[in-house]
Amino acid sequence: MTSLRRGRAATLLVIAALLVSTVGDEVAMVALALRGADRTGLTSVVSAQMLAGLVPGIALGGPIGRIVDRFRADAVLGVTLALECLIAAAAAAVADGAVLLIATMLLLGALGAVAQTCVMALVPQLFPASDVQLRVNSIMESVRNGGYIVGPLLVGLLTAHGGTGLALAVDAGTFAFALLAVPVISRWLVMAARDRARTAGVSDAAEAGTDEAVTDVPQTPGKTAGGLRVGLALLWAGAQRRTTLATIVVTVAATSVVNVLLPFFADEIPGGTAFYGVLLATWSVGLVLGPFTLRGRLGRLPTAVLAVGAAAIVGLSYLVTGAYPVVPLMLAAFLCGGMANAVQNVALRTYVMADCPQDVRGRVGAAYGATLQSSVAVGFALAGLAPADWARWGILAGGAVAFLAGSTGWLRTRAVVPSPAPAEDVSVPSGQASEAGTP
């Protein structure tokens with residue numbers, strides 16, 4: 001019973017830290033963008049702020065991965081949250097000009113990338129079994145997406161009553177609250193390490209003298225060797241990983257094109273921009289609900305198959321939206337697309353990290369983030385080449401590319417990945433992960 005309670009408590013602590021820090025990330029991004037627009041009146045400044053929040057996860061993937069691998073992930077997370085708290089508080093007081101606003105977004109973007117990598121590395125440490133990781137990642141995905149909904153709403157209320165300064169001050173408080181969970185998580189990690197050490201002692205004795213036990217151990221670089229290059233090499237190692245990741249890269253880039261073009265398509269749909277807002281809200285609801293579908297038989301499918309299959313559904317939802325702009329059909333497509341988007345995130349994150357050696361999790365996690373953010377950036381750039389009056393054709397093309405790429409990837413991964421036997425829930429008690437939500 002001790003290990004079960006520890007697992008439940010660790011899950012709740014990670015969820016609490018993730019929820020408030022996600023709300024904080026959204027509050028910071030929206031509040032700083034509003035302040036940039038208000039204080040400078042320049043779209044170029046707001047655009048630069050958005051890019052500043054995106055670039056660190058790509059450009060600093062190597063150093064971030066090395067830091068998380070070299071030091072304890074919980075300690076790095078604690079320092080990161082403390083720095084985010086200080087920067088948000090300072091921004092509330094002094095960030096007025098364009099340079100300071102862009103610099104603030106750059107710093108928070110870098111720290112956010114560090115925090116995301118830490119969380120990716122912590123989940124396998126707390127929950128070694130891959131089926132449990134899928135459940136925990138499902139909880140975290142729903143909680144995080146809930147934070148993406150709450151954050152902008154909170155900014156609106158705070159800004160209306162106290163301006164962006166109040167919003168940024170509350171943002172600092174969210175990071176301080178998340179910081180309180182770190183020492184408790186550290187204690188659970190120590191206890192989990194002791195359990196693993198005892199288990200390893202038994203298994204080492206059982207496997208002594210077998211060649212397979214030696215040859216199956218992956219050869220990985222040390223904690224300080226390499227950086228993003230090493231993380232990318234490990235991330236893309238193996239034919240199945242290359243197929244899965246290549247499929248996701250193509251679908252993410254294609255759907256990012258669609259995301260840019262959708263506002264231009266709003267005038268062509270019934271209800272105009274008002275209904276466009278409803279569509280975005282429907283997608284957000286799907287993001288929260290999607291991971292719950294992994295609680296049943298769907299969650300027992302191979303994660304690679306889940307990820308690429310969900311990517312195909314995301315593409316199909318956009319394809320249907322562009323081909324048949326009818327209100328009920330579009331609402332259904334966006335709800336299903338949001339749910340598939342969340343399932344894709346959960347399955348891919350679990351697939352990448354489940355069998356990753358502990359001493360390279362930071363670099364692999366950073367490479368994972370850099371790969372996806374690069375795909376998003378490519379999609380945004382490609383969308384800029386499309387004329388505004390071609391928005392519907394761009395949406396159709398992006399949806400079709402994503403659907404075809406996802407379908408092809410699904411067929412290829414399904415052909416090489418055997419369906420696992422039904423998992424027995426011996427390590428997670430009923431209600432621990434399944435009733436709390438999903439990341």
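Visitor: Among contacts in the protein chain between residues at least 6 apart in sequence, what percentage join residues at least 24 apart?
Guide: The figure is 87% for this chain. Please bear in mind that the model is a predicted one.

Visitor: How many helices and how many strands does the secondary structure come to?
Guide: The protein chain has 15 helices and 0 strands.

Visitor: And what share of the residues is buried?
Guide: Of the 439 residues in the protein chain, 48% are buried.

Visitor: Let us turn to the aromatics. How many aromatic pairs does the structure hold?
Guide: There are 3 aromatic pairs in the structure. One of them joins Trp-283 and Phe-334 in an edge-to-face arrangement, with 5.3 Å between the centres and 75° between the planes.

Visitor: Where in the chain do those two partners sit?
Guide: Trp-283 belongs to helix 11, residues 272–289, while Phe-334 belongs to helix 13, residues 327–353. The two are 51 residues apart, and the pair thus links distant parts of the chain.

Visitor: Are Trp-283 and Phe-334 buried or exposed?
Guide: Both Trp-283 and Phe-334 are buried. Phe-334 has a relative accessibility of 2%, which is why it counts as buried.

Visitor: Which aromatic pair does Tyr-318 form?
Guide: Tyr-318 pairs with Phe-334, again edge-to-face, at 6.0 Å centre to centre and with 80° between the planes. Tyr-318 is part of helix 12, residues 303–323, and Phe-334 is part of helix 13, so this pair ties together parts that are 16 residues apart in sequence.

Visitor: Why does Tyr-318 count as buried?
Guide: Tyr-318 counts as buried because its relative accessibility is 4%, and the cut-off for buried is under 20%.

Visitor: Which residues form one aromatic cluster?
Guide: Trp-283, Tyr-318 and Phe-334 form one cluster.

Visitor: Over the face of which residue does Arg-241 lie?
Guide: Arg-241 lies over the face of Tyr-351, 5.5 Å from the ring centre.

Visitor: A change of topic: how many disulfides are there?
Guide: The count is 0 disulfides. As for individual cysteines, Cys-85 is buried, with a relative accessible area of 18%, whereas Cys-336 counts as partly exposed at 43%.

Visitor: Now helix 5. How many residues has it, and how far does it reach?
Guide: Helix 5 covers residues 98–126, which gives it 29 residues, and it reaches 42 Å from its first C-alpha to its last. That reach is close to the 42 Å expected at 1.5 Å a residue.

Visitor: How many of the residues of helix 5 are buried?
Guide: Helix 5 is mostly covered, with 21 of its 29 residues buried. Thr-117 is in this helix, and its relative accessible area of 4% makes it buried.

Visitor: With which residues is Thr-117 in contact, leaving aside its neighbours within four places in sequence?
Guide: Thr-117 is in contact with Ile-64, Val-68, Gly-362, Gly-365 and Ala-366.

Visitor: And Leu-32: which helix does it lie in?
Guide: Leu-32 lies in helix 1, which runs over residues 2–40. At 0% relative accessibility, Leu-32 counts as buried. Not counting residues up to four places away in sequence, Leu-32 touches several residues, including Leu-101, Thr-104, Met-105 and Leu-108.

Visitor: Where is Val-182 found?
Guide: Val-182 is found in helix 7, residues 182–207, and it is buried at 9% relative accessibility. Setting aside residues up to four places away in sequence, Val-182 touches Asp-74, Gly-78 and Leu-81. Its C-alpha atom is separated by 9.7 Å from that of Val-79, although Val-182 and Val-79 are 103 residues apart along the chain.

Visitor: Last one: how far apart are Ser-138 and Val-346 in sequence and in space?
Guide: Ser-138 and Val-346 are 208 residues apart in sequence and 5.7 Å apart in space, C-alpha to C-alpha. Ser-138 has its place in helix 6, residues 130–179, and is buried, with a relative accessible area of 2%.

How values were computed
Residues numbered from 1 in each chain as written. Predicted model: local features only at pLDDT ≥ 70, side-chain atom pairs only at ≥ 80, totals over all residues. Heavy atoms only, no water. Phe/Tyr/Trp six-rings, centres within 6.5 Å; stacked < 30°, edge-to-face > 60°. Helix = DSSP H or I, 4+ residues; strand = E, 2+ residues; numbered from the N terminus. Buried < 20%, exposed > 50% of the residue type's maximum accessible area, 1.4 Å probe, protein only. Lys NZ or Arg CZ within 6 Å of the ring centre and 35° of its normal. Expected span 1.5 Å × (residues − 1). Disulfide = S-S within 2.5 Å. Contact = heavy atoms within 4.5 Å.
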